[in-house]
Amino acid sequence: MKRLKTTGGPAPRELVSPDLIERCTRGDEAAWRELVEATHRDVYTLCLRILGDPHDASEATQDTYLKVWRNLGGFRGDAMFSTWLYRVATNTAISKHRGRSRRRAREAGVGEEVMEQIPATGSVEAAAGAKVEVARLEDALAALPPMYREAVVMRDVYGLGVDELAAQLGISETAAKVRVHRGRKKLKDMLFSEDDE
Amino acid sequence: MKCQEIKEMLPAYGDEQRATLELRRHLSRCSDCRAEVDRYEALAGGLRALVSTTAEPPARLLGALIAIPSQRTRIEEARAHVLRHRSRYLGGLAGAAAVAGTAALWRTRSRRLAAA
């Protein structure tokens with residue numbers, strides 16, 4: 001019997017070596033440059049997927065790296081650096097999102113701008129020939145209401161556990177699950193029309 | 001279980017450790033619901049794959065990020081300089097305020113004399 005393979009989500013790739021991080025903690029600016037070059041696209045993309053706006057994503061990325069520079073000394077080597085980095089970026093993007101949701105007027109028309117930024121190539125094929133084009137998936141994600149988008153992005157793209165997702169969003173685990181499930185259903189409805197059924 | 005009940009459960013299906021016996025039985029004989037599972041599976045695979053797809057950040061962003069340590073250093077140096085020379089800066093400010101006050105007083109007196 002088939003199972004959806006979303007439990008636990010994808011493991012983050014380790015983006016930089018422990019040696020590079022060690023050099024950064026000693027204030028080595030060349031090492032910092034190397035670290036930023038190796039990671040900034042992933043961080044920017046994460047922020048863009050959560051916030052759905054390139055300008056806000058740039059600001060969140062800068063705030064993320066400011067926090068990383070200030071707190072690198074507190075990074076414990078027993079965890080993956082990329083996991084820690086994603087966590088800082090997610091926190092920053094969510095804080096920004098909370099501030100921004102007070103200005104809801106800007107929400108309209110965000111999807112197209114995001115789509116222009118993310119490569120529209122490739123597809124993922126699953127059982128029974130069901131296929132999801134990357135471009136359509138990014139489009140559908142960008143069109144999701146923000147509260148569902150951030151939940152699905154963090155859970156199903158970046159692999160956060162439900163407990164961690166709930167903590168990041170400041171809601172109960174039950175509420176976090178509901179957001180993920182509703183987001184998945186909306187995405188599925190957007191991607192697979194009635195004609196496919 | 002009816003198809004509608006099953007379809008409401010499917011968004012959570014991948015998070016469960018095991019599908020219930022009832023659900024498995026239904027899926028074994030319902031091609032519609034199995035097709036729905038396939039769609040969710042394709043969606044889950046697509047979302048997982050996105051982690052390796054990145055957007056191109058604005059050109060200026062990389063430079064701004066690389067400059068963070070030196071900017072912070074400059075800010076910290078400026079802050080330390082001001083703290084070290086606090087008394088001199090405060091003295092300068094007090095002097096400037098005294099000069100401005102005297103000038104204002106002198107101007108007011110001059111206007112009063114001219115009016116008289």
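View 1. Residues are numbered from 1 along each chain as its sequence is written, and chains are lettered from A and ligands numbered from 1 in the order in which they are written. Chain A has 9 helices and 2 strands, arranged along the sequence as α-α-α-α-α-β-β-α-α-α-α. Helices and strands are DSSP runs (H or I of at least four residues for helices, E of at least two for strands), numbered from the N terminus. Of the 197 residues in chain A, 39% are buried, that is, with 20 or more other C-beta atoms within 10 Å of their own; 12 or fewer makes a residue exposed, anything in between partly exposed, and the C-beta atoms are placed from the backbone.

**View 2. Where to be careful in chain A.** Mean pLDDT for chain A comes to 79, with 74% of its residues at 70 or more; pLDDT is the predictor's confidence in each residue, from 0 to 100. Residues 1–10 of chain A stay under 50, and the model gives them 28 contacts beyond four places in sequence. Residues 105–115 of chain A are also below 50, with 16 contacts beyond near neighbours in sequence. Where pLDDT is low, the predicted coordinates should not be read in detail.

**View 3. The largest nonpolar core.** This core holds 59 residues, and those touching the most other members are A:Leu46, A:Cys47, A:Ala151, A:Val152, A:Tyr158 and B:Leu43. A nonpolar core is a set of buried Ala, Val, Leu, Ile, Met, Phe, Trp, Tyr and Cys residues joined through C-beta atoms within 7 Å. Helix α2 (residues 29–51) of chain A gives the most to it, 10 residues. Zoom in on A:Cys47: leaving aside neighbours within four places in sequence, its contacts are A:Ala57, A:Ala60, A:Thr61, A:Ala89 and A:Ala93.

View 4. A:Asp156 sits in helix α7 (residues 146–157) of chain A. It counts as buried because 26 other C-beta atoms lie within 10 Å. A:Arg184 is 28 residues away along the chain, and the two C-alpha atoms are separated by 9.1 Å.

**View 5. Helix α9 of chain A meets helix α3 of chain B.** The axes of α9 (residues 173–191) of chain A and α3 (residues 31–49) of chain B come within 10 Å and cross at roughly 105 degrees, so the two helices are roughly perpendicular. On the α9(A) side, the contact uses A:Arg184, A:Leu187, A:Lys188 and A:Leu191, and on the α3(B) side B:Arg39, B:Tyr40 and B:Leu43.

View 6. Chain B has 6 helices and 0 strands, and 22% of its 116 residues are buried. Its mean pLDDT is 84, with 91% of residues at 70 or more. B:Arg34 is 10 residues from B:Arg24 in sequence, with 9.9 Å between their C-alpha atoms.

Methods
This is a predicted model: local features need pLDDT of at least 70, side-chain atom pairs count only at pLDDT 80 or more; totals for chains, interfaces and linings use all residues. Two residues are in contact if their C-beta atoms, placed from the backbone, lie within 7 Å. Axes are lines fitted to C-alpha atoms, for helices over the stretch in contact, and angles run from 0 to 180 degrees between N-to-C directions. Angles under 35 degrees count as roughly parallel, over 145 as roughly antiparallel, 65 to 115 as roughly perpendicular and the rest as oblique.
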